[in-house]
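Welcome! Please take a look at the sequence and the structure below, and keep them at hand while you read.

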Amino acid sequence: MTNQLQSAVEDGPPKADVKERRSRLLSFMTGYYLQVTTAVVIVGLSVFVPDFGNRANLQNIATQASFAGLVACGMTLLITAGLFDLSVAGIIAVVGVVTAKVLPATTIGMALLLAIAVGAFLGLTNGVVVTKLRIPPFISTFGMLNIYLAVAFIATGGQVIPINSYYFQQLGTATVAGVPLVFIAFFVVAAASYFLLYRTYFGRRLRAIGSSEPAARMAGIPVDRVKILAFGLTGLFTAIAAIGLSALLSSSGGTMAKDMELNAIAITVVGGTALRGGRGTLLGTFTAAIFITVIANALNLLDVSSYVQNIVTGLILIAALIVGSVRKDVVRGAG
């Protein structure tokens, strides 16, 4: 008996247990590497970069992350279904201009409802163009981007429209227990998007369409209807971003959200959503919005030129694609 116990101690835990622990560790690291990296980066920058960790700057990071993050929530749903929407900057411009135009003549509540309705309508329009005209989403939404921007420029005469409503401006600057209101809206939309994607038939259908649209059609899924609804939700989330951005800037115009579509796609991809469709992660999208904003904020504090910042953003995007490929190999090897 004594020899058996001594042999068990020397041999260590059973090989099956070691393999299981290793698999769990790999699963955790591949599943939450972005969250761990973001936490480490924030702590490191708070220590080594002056003014990064003060309350005002952290609130600024949360605010700035929210605008592209809100759009990225909708983009995550779309990309999961194998779709894109390059028109979001145009939707923000139109919604912002509509809000600025109607605010002097109506209540803030009515202006907000109209803004959300306009955003959802423009998103649904994109969905109809993509599904009914059978135009690839990359091309069709790029065309719609130009149409929406043209409408915004025509409505404003190429000028910026000021917003003088104090209470509306508070939507972009107010905080709740120190947390920016727009960031709370971002968190709520991200949580709602997660619920839609993973706890509803709509989300299952999105993932099925992204994995194989022909198979989804053969399974009886109303593909066109699901796609249109996904575009409509993206338009709605984009409208919320437009409201917050207009309130923060106290103005609206055609160029208020330049390159927002690229930022949203970058956040979605860095967050781990597969560009090929079929798999999306809202936790990754939420974290990536913060991560990319943290990096940009730190570079600004260090007085790094905008050109270098663009290089850094591009490198982060490429690194995310590489990590995504490595993660698949690691998970496959662990299994």
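This report looks at a helix, some aromatic rings and some salt bridges.

The model is predicted, so to speak of a local feature a pLDDT of at least 70 is needed, side-chain atom pairs count only at pLDDT 80 or more, and totals for chains, interfaces and linings use all residues. Residues are numbered from 1 along each chain as its sequence is written, and side-chain values use heavy atoms, with hydrogens and water left out.

**Helix α8**

Let us start with α8, which has 19 residues. From its first C-alpha to its last it reaches 26 Å, close to the 27 Å expected at 1.5 Å a residue; the expected span is 1.5 Å times one less than the number of residues. Helices here are DSSP runs of H or I with at least four residues, strands are runs of E with at least two, and both are numbered from the N terminus.

Which residues of α8 are buried? They are Val182, Phe183, Phe186, Val189, Ala190, Ser193 and Leu197. Buried means under 20% relative accessible area, exposed means over 50%, and partly exposed lies in between (1.4 Å probe, protein chains only). Seen down the axis of α8, the buried residues fall within an arc of 120°, so they line one face of the helix. That arc is taken from the directions from the helix axis to the C-beta atoms. The buried residues of α8 pack against α3 (55–80), α7 (166–173), β3 (179–180), α9 (201–211), α11 and α13, where contact means heavy atoms within 4.5 Å.

**Aromatic rings**

How many aromatic pairs does the structure hold? There are six. Rings of Phe, Tyr and Trp (its six-membered ring) pair if their centres lie within 6.5 Å; planes under 30 degrees apart count as stacked, over 60 as edge-to-face and the rest as tilted. Tyr166 and Tyr167 form an edge-to-face pair, with 5.4 Å from centre to centre and 80° between the planes. Tyr166 and Tyr167 are both exposed.

In another pair, the ring centres of Phe183 and Phe286 are 5.7 Å apart and the planes meet at 50°, so this pair is tilted. It links distant parts of the chain, since Phe183 is in helix α8 (residues 181–199) and Phe286 is in helix α13 (residues 282–301), 103 residues apart. Phe183 and Phe286 are both buried. Together with Phe186 and Phe187, they form one aromatic cluster.

**Salt bridges**

Six salt bridges turn up in a search of the whole structure. A salt bridge is a side-chain nitrogen of Lys or Arg within 4 Å of a carboxyl oxygen of Asp or Glu. Here are some of them:

| Salt bridge | Closest N to O |
|---|---|
| Asp224 and Arg134 | 3.1 Å |
| Asp224 and Arg217 | 3.2 Å |

The bridge of Asp224 with Arg134 links distant parts of the chain: Asp224 is in helix α11 (residues 223–249) and Arg134 in the loop between α5 (108–132) and α6 (137–156), 90 residues apart. Asp224 counts as buried at 12% relative accessibility, whereas Arg134 is exposed at 54%.

Is Lys227 buried or exposed? With a relative accessible area of 9%, Lys227 is buried. Finally, Lys132, Arg134, Glu213, Arg217, Asp224 and Lys227 are linked in a network of salt bridges.
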